[in-house]
Amino acid sequence: MAYVLFISEQKLKDSTAINLNVDVDILLPFVREAQKLYVETALGTKLTQKLKDLITAGTIGNVGNEHYKTLVDEYVGDMLPGYSLYHAIPYLRHKVENGNIYNKTSETGNALSTEEAQSFREEVLNTASYYRERLIDYIRNNISLFPEYSTNSGADVSPSIENYYSNMNLEKPRQGTELTLRNFLNAGDY
């Protein structure tokens, strides 16, 4: 089964800290994963499929499709490499073969500690999240150019305007209950 990816191997390597010698077979599953997790959730199923169809048909650069090309080249193309690297980082250090997991070692450098690798990964995620925020803003400010954005139904993934995740739920309370700062700070009293 062929997959339609929104970025090339060259774009991935040019846009990230990935060394040019890293095998593309290791990277492509993470591009696909990031595309499903971050692009489709930002654009929705219908708009994502429209972009795939235009790329497959080779018509994304045609007259009348300029806004789709801009979306792919300038917004998705800026965001997707970072998320792909974010998901690849843990696996660049390890290799899974024949039921075993191996830790790769380098002959020319020292491996990062777990804390250093996590810090690097967080920086990559912050940058990718910035570009995803730009993508969401572009779509929301040009929604009339992308009719597929608001036509998702049923099992389709609907676009989300949420981007940053802070590990703390800041949603408004539902069911008429109200949580105040005083309640939150005094939660230990209950």
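Predicted model: local features only at pLDDT ≥ 70, side-chain atom pairs only at ≥ 80, totals over all residues.
Residues are numbered from 1 along each chain as its sequence is written, and side-chain values use heavy atoms, with hydrogens and water left out.

Me: Why is the pair of Y75 and Y138 called stacked?
Reply: Rings of Phe, Tyr and Trp (its six-membered ring) pair if their centres lie within 6.5 Å; planes under 30 degrees apart count as stacked, over 60 as edge-to-face and the rest as tilted. The centres of Y75 and Y138 are 4.2 Å apart and their planes lie at 10°, so the pair is stacked.

Me: What makes the pair of Y130 and Y131 edge-to-face?
Reply: Their ring centres are 5.2 Å apart, with 70° between the planes.

Me: Why does Y130 count as partly exposed?
Reply: Buried means under 20% relative accessible area, exposed over 50%, and partly exposed in between (1.4 Å probe, protein chains only). Y130 has 44% relative accessibility, and therefore counts as partly exposed. Y131, at 26%, is partly exposed, whereas Y75 and Y138 are buried.

Me: How do you know that the charged end of R121 sits over the ring of Y86?
Reply: The term requires NZ of Lys or CZ of Arg within 6 Å of the ring centre and within 35 degrees of the ring normal. The charged end of R121 is 3.9 Å from the centre of the Y86 ring and is assigned as sitting over that ring.
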